[in-house]
Amino acid sequence: MQSKAKTVEEYIDSLPEDRKEAISELRKVVLANLPKGFTEEMGYGMIGYVVPHSLFPNGYHCDPAKPLPFMNIASQKNFIAVYHMGVYCNKKLLDWFTDEYAKVSKTKLDMGKSCIRFKKIDQIPYQLIGELASKITVKQWIDIIQKFSK
């Protein structure tokens, strides 16, 4: 379910009320915890957090005209999604997240390679997602990408 919204505010305003509240809260915890240097923008029909070209001119290797993606939040058809590229690239971070998730949630983690799915809005661990957002700095993310690009 890809949105055509041009701005984050337009995206949030287009959501049903329950999804609007959940996405707004996720956005709030991400922005409060995201290390300095990442910027928020719409990308791929979702709210995205990226490394701007001013900090990483190479951009995204799949489309260098776009900034380097790091994290996204989205309201999908059947769930709320958090996409965090760091858990895909960093096993230590993935292990930390899965261990912490088990401590704060009574439900089984529903996760793909970088997609964390929440089918029940009242079970989103906002504080944990905020902590996850804080775990990788812009410099660390660029270093990880450059290591994988070689």
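A: α6 gives the most to the lining of the largest pocket, with four residues. Helices (H or I, at least four residues) and strands (E, at least two) are DSSP runs, numbered from the N terminus. This is a predicted model, in which local features need pLDDT of at least 70 and side-chain atom pairs count only at pLDDT 80 or more, while totals for chains, interfaces and linings use all residues. Residues are numbered from 1 along each chain as its sequence is written, and side-chain values use heavy atoms, with hydrogens and water left out.

At least two lining residues each come from β3 (68-75), α3 (85-89) and α6 (138-149). The space in this pocket is about 370 Å³. Its lining has 15 residues, of which Tyr60, His61, Pro69, Met85 and Trp141 are the closest to the centre. A pocket here is an open set of points on a 1 Å grid over the protein atoms alone, where a 1.4 Å probe fits, with protein on both sides within 12 Å along at least five of seven lines; lining residues have an atom within 4 Å of a point. Grid points are joined across faces, edges and corners, and a volume is the space filled by probe spheres set on the points.

By class, the lining has 11 nonpolar, four polar and no charged residues. Ala, Val, Leu, Ile, Met, Phe, Trp, Tyr, Cys and Pro count as nonpolar, Asp, Glu, Lys and Arg as charged, and the others, Gly among them, as polar.

α6 also lies across β2 (46-51) and β3, at about 110 degrees to β3. Contact means heavy atoms within 4.5 Å; axes are lines fitted to C-alpha atoms, for helices over the stretch in contact, and angles run from 0 to 180 degrees between N-to-C directions.

β2 and β3 belong to an open sheet of six strands, ordered β1-β2-β3-β4-β6-β5 with antiparallel pairing. β1 (39-43) and β5 (110-111) are at the edges with a single partner strand each, so one side of each has no neighbour in the sheet. Strands pair if DSSP finds at least two bridges between them. Within the sheet, β4 (residues 80-84) and β6 (residues 115-118) pair over four bridges, and Val82 is opposite Ile116 in β6.

The second largest pocket holds about 150 Å³ of space. Its largest share of lining, three residues, comes from α5, and the lining has four nonpolar, four polar and three charged residues.
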